[in-house]
Amino acid sequence: MSRPRLPRAAAPLRHRGFRLLVAGQVTSNAGDACYAVALPWFVLAGHGGTVLLGTVLAAYGIPRTVLILAGGWASDRFRPHTVMLACDAVRVLAAAALAVMAAAGPARAALLVPVAVVLGAGEGMFLPASYSVIPSLLPRGDLQAGNALATGSTQLASLAGPAIGGALVALGSPAAAFGLDAASFAVSAATLLALRAALAGPRRAAPGRGAPSAAGHAAGHDARRGQADGETAGAAPGPSLRTLLRTERVLTVLIAVNLAANLGMAGLDGVALPALAHGPLHASAQGYGAILAGFAAGALLGTLAAGQARSPRRPAVTGSLAFLVEAAAIAVTPFLGSVAWVIAAQAALGVCNGFGNTYTVTAFQRWAPRRILGRLNGLLLLTSFGLAPVSVLLAAWSGRAFGPAAFFLFAAVTIAAAIVGGLSQRSWRDFGAAPGTPPAAAAVAAGPAALDPAGARGART
């Protein structure tokens, strides 16, 4: 009697390493969602104002930006899961320190800024590795479903996290929310430690054609032999990051789109949205948590729908259309007048974001040479987050001068302009549309690991 087949969206759960990764990241992201509610309310309720909030977020964003490229290099050099484990170990201590500070008194820049710097540095090192680890754990055919399942699990955790964080803050205990975030980092570190032990075990046969097994990935990263995952002994080393930047126009387009689209996103999420909830909407901490949960619910639905669906003929075009609808949802949000309608708008925004991100991230992972995937992810994440300090400071100034609605419109226009600009380029419209390997990536082809072109709240847009 044949075993029943798993739905396409659940197929990656056959792999133990992937299950460990998802379990840890779900827990960690639930803690992060508590933190996302507690931090702005801790600052704003203590009369710190949007300027202090923007300063703290900038203190977080600057080291994150500075260390993203270093995180990509470390991911390629030391394996993604090892870098993630080290970062989580440091962030346990930083989040615990923040909990102690919140219990001791009101928000003060002298205490919050140093902790924000440490947390931002840990995030900067962590992010490229987190975007690079899934291709090392799954066959290529499971990548789209794996990305959808990992991101969807994160969004599911984000549904519970804001509710818990909002309840804790409403009870007068932001310190408890920060403490829960610290505990979640500890759980994530434990699962990554188990994953590292599993990958260090005996080498197994590859789980499917086109990708090495998890154990094979660990062996393939033997730095002393100078071999990268996915390459066979004696294979050519493949293109460098500099070569890809010079020869692959789609990479240049992707960088330009990321820079333009993300000019407004960090300020929107970190300053304008909580200021809208705290000010014009007169929402409670629980109401603000519900707004964040609305986005998470929509993103979960959009992500899982993309994971179950087949890859579209033109993934970049499909993702871009979803992002244009997302921009429209952002534009109308500050004019809806009630928490319930803002929750609905955030849910629609989340559907589009999760749907579009799943297609574009998977297309990029299939296109990118595996041996420099960490550095490529670092470069793209740098363009995504590099403008975050500017964005949050701009949102803080805009909120004081014009109110939060002005920055919502600014973010919507920059996203729409970036996506339309990308669609005007044939290299972007064709990204992931045709079989074969892109010219510069062809040099990395080595047996079953040859790559074909198939492109990030993980990070919005």
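Reader: Which residues are buried in α17?

Author: Keep in mind that this is a predicted model. In α17 the buried residues are P404, F407, F408, A411, A412, T414, I415, A418, I419, G422 and L423. They are on the same side of α17, because they cover an arc of only 165° around the axis. Among the elements covering them are α10, α11, α13, α16 and α18.

Reader: How do you know that the span of helix α17 agrees with what it should be?

Author: Helix α17 has 20 residues (404–423), so at 1.5 Å a residue it should span 28 Å. Its end C-alpha atoms are 29 Å apart, which agrees.

Reader: What makes α16 oblique to α17?

Author: The axes of α16 and α17 cross at roughly 135° and come within 7 Å. Angles over 145 would count as roughly antiparallel and 65 to 115 as roughly perpendicular, so α16 is oblique to α17. On the α16 side, the contact is made by S391, L394, A395, S398, G399 and F402; α17 brings P404, A406, F407 and F410. Of the residues in this contact, 7 are nonpolar, 3 are polar and none is charged.

Reader: Why is G302 called buried?

Author: G302, found in helix α12, has a relative accessible area of 1%. Buried means under 20%, so G302 is buried.

Reader: Which residues does G302 touch, not counting those up to four places away in sequence?

Author: G302 touches V351, G354 and F355. As for T358, G302 is 56 residues from it in sequence, with their C-alpha atoms 8.7 Å apart in space.

Methods. Residues are numbered from 1 along each chain as its sequence is written. This is a predicted model: local features need pLDDT of at least 70, side-chain atom pairs count only at pLDDT 80 or more; totals for chains, interfaces and linings use all residues. Side-chain values use heavy atoms; hydrogens and water are left out. Helices (H or I, at least four residues) and strands (E, at least two) are DSSP runs, numbered from the N terminus. Buried means under 20% relative accessible area, exposed over 50%, partly exposed in between (1.4 Å probe, protein chains only). Contact means heavy atoms within 4.5 Å. The expected span of a helix is 1.5 Å times one less than its number of residues. The arc is that of the directions from the helix axis to the C-beta atoms. Axes are lines fitted to C-alpha atoms, for helices over the stretch in contact, and angles run from 0 to 180 degrees between N-to-C directions. Angles under 35 degrees count as roughly parallel, over 145 as roughly antiparallel, 65 to 115 as roughly perpendicular and the rest as oblique. Ala, Val, Leu, Ile, Met, Phe, Trp, Tyr, Cys and Pro count as nonpolar, Asp, Glu, Lys and Arg as charged, and the others, Gly among them, as polar.
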